[in-house]
Amino acid sequence: MNRYPLWKYLLIGVTLVVAFLYTLPNFFGEVPAVQVSPVRTSETVDTALLGRVEALLKTASLPTSGVELAGNSIKARFASTDVQIKAKDVLQNGLGERYTVALNLVSASPAWLSTLNALPMYLGLDLRGGVHFLLEVDMKAALEKAAVRYQNDFRTELRGDKIRYSRISREGNAVVVRFATRDQRDAAADKLAAVFTDLGFAAEDLDDGFLLTARLKPEAEKQVQEFALQQNITTLRNRVNELGVAEPVIQQQGANRVVVQLPGVQDTAKAKDILGRTATLEVRMVDEQADPLLVEQGQAPFGAEIVASREGGKIAVKKDVVLTGDSITDAAPGFDSTSAQAAVHINLDGKGARIFKDVTRENVGKRMAILLIEKGIAEAITAPVIREEIGGGRVQITGMETAQEASDVALLLRAGALAAPMQIVEERTVGPSMGAENIEKGFHSNIWGFLAVVAFMTIYYRVFGLFSSVALAINGFFLIALLSMLQATLTLPGMAAIALTLGMAIDANVLINERIREELRNGATPQAAIHAGYDRAWGTILDSNLTTLIAGIALFWLGSGPVRGFAVVLCLGILTSMFSAVTVSRAMVNLTYGRQPRLAKVSI
Amino acid sequence: MLELFPFKKTIPFMSWGKATTAISLLTFLFAIWALWDKGLNLGVDFTGGTVIEITTSHAANLPEIRGALEKTGLPEISVQTFGTSRDVLIRLPNKAHINAAETSNRVLAAVRTVDPSVELRRVDFVGPQVGKELYDSGALALLVVAFGIMAYLAIRFEWRFAVAGMLANLHDIVIILGVFAFFQWEFTLTVLAGVLAVLGYSVNESVVVFDRIRENIRKMRGATIPHIIDDAITRTMSRTIITHGSTQIMVLSMLFFGGEALHNFALALTIGIMFGIYSSVLVASPLLLMFGVKREHFIKPVEKKEEAVV
């Protein structure tokens, strides 16, 4: 009656072994490590790089306890944090700017466990310390930026076709072109509509002129916004890489938000500074005809605008942009070979190099301004006189005050521009000591609660209570193993959920044990009582757990942040507890009592 | 056999129906009043704003810190200690004209001018829009959970059970919220998670009793409905108390050992568990009676099928 077929015992045995194996890495703790990953996410890490890392460490005679490829990065383990820091410097110097070298902690579990893909749970920021940012992309600005681009493109198109217009202006997201005659307007409308298929055009007749208004079509508008978000994520990834953070998280959230998580970051001011900067670079010609006196007063000549110069004073620059930061493929800080001033060396892409060559050839003897535009304010970093045609796409900018500034500018240029400004809408920082404290306290609360429940169950239900307690412990193993396998992020609310599910998981066993007692009271034989107890309780267990599961799923679906972390563990905990409380505890009962056909008494 | 609750006779819970309904109505009204009069002390998660937690190496000099912060020109800063005299909590509301992203840096820099030993423990900054969204999605989650559970109960049992169970559980939720409002404890996102967990947990409780009622209706052919309900509650009493006890042990362990971060979460669960045990027994079942549960609702030809589930 109370016997399982062999396959059931085997199945339970296998799940127990698997659960134990995957729980194991969590007990080994962590060792200091250095993580090497490429700055550009498009690049991949290979065994050649692995060899270079090993060779560098060998020549520096730094002992490592293992170098391995993990995903798109290389991790080298070290015995102490001293060696770790030395190794970081050696590797950063040896590998150069193309790689990010970051301090990290990796699991100390033996290699054979790692090859089974048995990794410890990933700890959330509230448990390991670090910064979480939620950034919102300013979509209105992204659309306006697109409109500005179309404004310039219209000008080029209409001039190219020699269609006369009186003015091109931008009103919000729309570009408005004004014409003197209807024929000109209609000709322009035909031409532009053929070229710019993403735009919708509307014509309007006024008393003093004829208007053509262009607007992005809704689907194109959506595309512009998606593109802006994607470019911003890429840019953020580059900037974060420059910070040298191990295992950063950069993810899209919703239609216009980006989550950035930087584990272990201490200097939040620096991180915020790098992330929040909205610098773009533009190269424009200086307006040589401008009256210096008027420029000082802030009066810009037609087609030009006044910007502050870092060299002091103000200069007038033409509105037409020669090049933007998009054309920059690389930028590195350095020193000017003749003046020994801090400088930034820039490489341009093919199109940029061609434009730059043309412009420098046509404008020898004139000045060219390099503008850094941050938070909508343009500043001329430098405005050198063009001495000769510059080909090959290699440009050097001087004018930085310090080497640090040159390095910051280079970083910004290299990381690329944001397609639209972003704003931090949420920031959560957890200090490292608080993270450690959270782990310790959460862990202790789980242990003490668990021990108290076990003590009560064993005293109250004796052998069956012992079985229930073992089932509960196994439930804990299952839950941690599952969380480790899924590499779910464990947060403080998640730890609370582990405690809560352990408390609630005992409910199934209480239901079963009470049922068995009741059957015994009603005069059933022990074997029949056990059988009926498990059978009758099952319906109730299913009903009560499924209702809780519904709550858990809704929490996961609608929740965010801590609520979600809680919900994941709650849902998994319900599933594991149904298995462990019913099947595993039954297996123990069957093994103990099932073979005695004339069982006189059970300990419950 | 060790028994803490040796109930030999059926306890006449239903004859106390009037008294228990009156008590729960009173507590319910009290909770509504507290919510109405005081409102929830919503944490920064929902309102937006900045909370900065710092710790100093010796007892913090609050007036000095306040003075330094006033110089930053940030308005409406509140500075208070919590837990120990070395832990300081600084709060700033959201203001439109302040660059919120830099606020925490400014505050920290200002505090460090008076006490360089200050260590940053935690910063929570939430924009007003994000806070509002969290609030809305929290309310939506509460609704979806409630309707999801009701739908499940209606399918597995009958609509009367679904409505009674849901009312009993909303009663628990309202009381937790009421207590939080009355004592002005901070209501954070984690507390919300606790409240929603209570919703699931408390239904769990009702389901166990309902299950027994359904079983008794089929088995105890001669008995009246109130007697059937009394019997169901009595038979499950032992289990109810033990399960609540063990869950409460874990929650109390969190309350005592879990630290500041889990304190309010554990409080919400404690209240939820206390009222969960009461409502499943003394609110849900009288409601069931009130809705007029009859034997015919379960003695149907389809009933045989359900037993096959076993």
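What distance separates the centres of domain 1 of chain B and domain 2 of chain B, taken over C-alpha atoms? The separation is 40 Å. Domain 1 of chain B comprises residues 13–42 + 131–296, and domain 2 comprises residues 49–126; such bounds come from an automatic or database domain assignment.

The model is predicted, so local features need pLDDT of at least 70 and side-chain atom pairs count only at pLDDT 80 or more, whereas totals for chains, interfaces and linings use all residues. Residues are numbered from 1 along each chain as its sequence is written, chains are lettered from A and ligands numbered from 1 in the order in which they are written, and side-chain values use heavy atoms, with hydrogens and water left out.

In chain B, UniProt (unreviewed entry) lists residues 109–292 as "domain: Protein export membrane protein SecD/SecF C-terminal". UniProt positions are given in the numbering used here, feature names are shortened, and annotations may be inferred rather than shown by experiment. Over residues 109–292 of chain B, the chain is 84% helix and 5% strand, with the end C-alpha atoms 67 Å apart. Helices (H or I, at least four residues) and strands (E, at least two) are DSSP runs, numbered from the N terminus. The unreviewed UniProt entry also gives "transmembrane region" for several spans of chain B, including residues 161–183 and 265–291. Residues 161–183 of chain B are 100% helix and 0% strand, and their end C-alpha atoms lie 33 Å apart. For residues 265–291 of chain B the values are 93% helix, 0% strand and 34 Å.

Chain A is divided into domain 1 (6–23 + 431–593), domain 2 (30–108), domain 3 (140–220) and domain 4 (279–417). The centres of domain 2 and domain 3 of chain A, taken over C-alpha atoms, are 54 Å apart. UniProt (unreviewed entry) places "domain: Protein export membrane protein SecD/SecF C-terminal" at residues 422–590 of chain A. This span of chain A is 87% helix and 7% strand, and its end C-alpha atoms lie 62 Å apart.

Helix α14 (residues 492–521) and helix α16 (residues 562–593) of chain A pack at an angle of about 25°, with axes 8 Å apart. The angle makes α14(A) roughly parallel to α16(A) (angles under 35 degrees count as roughly parallel). Axes are lines fitted to C-alpha atoms, for helices over the stretch in contact, and angles run from 0 to 180 degrees between N-to-C directions. The contact (heavy atoms within 4.5 Å) involves, among others, A:Ala497 and A:Ala505 of α14(A) and A:Phe566 and A:Gly573 of α16(A).

Technical notes:
Parallel < 35°, antiparallel > 145°, perpendicular 65-115°, else oblique.
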